[in-house]
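Please consult the sequence and the structure while reading the points below.

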Amino acid sequence: MAVAAFNGQNDGGDGWSVEMSEEALLTVNPIRRIVDALRIDPNPEKEVIRLSIGDPTAYGNLPLAKEVSSAVISAVEGSSGDGYCLSFGREDACKAVAETHSTETTPVTTKDVVLASGCSGALDLAIGVLANAGDNILIPCSGFSLNRCLAGANRIDARAYRLIPERGWEIDLENMESLIDQRTKAIIVNNPSNPCGSVFSFEHQKAIAEVAYRHRIPIISDEVYEGMVFSGIKYHSMAEAAPDQPVLTCGGLAKRYLVPGWRLGWVILNDKHHHLDNVRDGIRRLSTQILGPCSLIQAALPDILRNTPKEFFDNTIDHCERAANIAYGLLSKVTSLTPIMPRGAMYMMIGINTEQLEGISSDINFTEKLMAEESVFCLPAECFEFPNYFRIVLSVPLPMMEEACTRIEEFCRRHQVAPTAIAATAPNGSSH
């Protein structure tokens, strides 16, 4: 049967005009936008060292706990994860999350847990259940770029509050509170932090909670790095600091268990006073859009959470802390750089004084030239809305970290502006 020809015209001249949706057009991840535009051809005479990838499995130096792999093997052999699950998660998997996150002051039950496709999926659910188009949420700056991406795709205004590097990346609470209005639906807090490696004190978390409570705004707490703190530092969840107000805690297996590709995350509704009863129904509704994360990993989750030994976590943290000490020790000797010593997670941020570096105009320019000359790839902090810093990942092998930082040191010394030139460009002979 003949099909009538379409009479319309488009640029192609064949009648087809297929456009992307507005949601797709609005979906912009700042990291991808910036990194894809970088000129990052390496020096062919030097092996490339990538300090940019937030994937702890990238170099294979951090082994998976045998208890974790055994749990998945058992689920495969027992065929216990072959079928569909409830969209918000298997009951035994949700129960395991609840049991491992419940405390005396912040009890968690199975019905408080919704499983998601990684912590990113958990953040998507948490933002989506609280805010509508035209509303706003508060996000950290410097912060995880996906927050803005998720908000923008849904026409939610992501308002960035300042972090203070000189105070270990604490939140500027006055600035944060100044951004709140009648359409502010959530405050996102990331602790421990990507990209800063900061870990907030219990007192600072209580101060954050007081701002949220004063304005009756729920907190979305991104805790995918929960417990990943260096020696002498104590970790507290936001729910512990805010036991009497609603907190949506987002977490997952990715970083702590070193399995980011398994895509298993969760949202815990910490809500002892039932302020989130409607939200509880709403987040389960949203979970039906993708029918939940991988059934196989859900089946393995109870054994993973209950059987993974403390020694495994300690080894990972010890490695990241040793890498941080190497990087800080080497880079703090470079006059044009200001490394901020992290307290946890697996990242460090380093400030760049471009006035002291010849031919360097920005963090993007710095990372491009560093790659071209030394084959070391770092992420410019413009990706996290914090220009004139760059981020390095601490999960790489220790000899590689030492070599990379030595190359960065050599790069900066090669571009160092003579002290007389610096003094000449500053008022009254001062460099600032």
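A residue counts as buried when its relative accessible area is under 20%. Y225, with a relative accessible area of 2%, is therefore buried. The model is predicted, and a search of the whole structure finds eight aromatic pairs.

**Y225 and Y347**

- The ring centres of Y225 and Y347 lie 5.7 Å apart, with the planes at 85 degrees; because planes over 60 degrees apart count as edge-to-face, this pair belongs to that class.
- Distant parts of the chain are linked by this pair, as Y225 and Y347 are 122 residues apart.
- Y225 is in the loop between β7 (219-222) and α9 (238-241), whereas Y347 is in strand β11 (residues 347-352).
- Y347 has a relative accessible area of 1% and is therefore buried as well.

**F366 and F411**

- For F366 and F411, the ring centres are 5.3 Å apart and the planes stand at 85 degrees, so this pair is edge-to-face.
- Because F366 lies in helix α13 (residues 363-374) and F411 in helix α14 (residues 398-415), the pair ties together parts that are 45 residues apart in sequence.
- F366 and F411 are both buried.

**Ring cluster**

- W169, F386 and Y389 are linked into a cluster by ring pairs.

**Arginine over aromatic rings**

- R256 is positioned over the face of F313, at 3.9 Å from the ring centre.
- R284 is positioned over the face of F88, at 3.8 Å from the ring centre.

Methods
Residues numbered from 1 in each chain as written. Predicted model: local features only at pLDDT ≥ 70, side-chain atom pairs only at ≥ 80, totals over all residues. Heavy atoms only, no water. Phe/Tyr/Trp six-rings, centres within 6.5 Å; stacked < 30°, edge-to-face > 60°. Helix = DSSP H or I, 4+ residues; strand = E, 2+ residues; numbered from the N terminus. Buried < 20%, exposed > 50% of the residue type's maximum accessible area, 1.4 Å probe, protein only. Lys NZ or Arg CZ within 6 Å of the ring centre and 35° of its normal.
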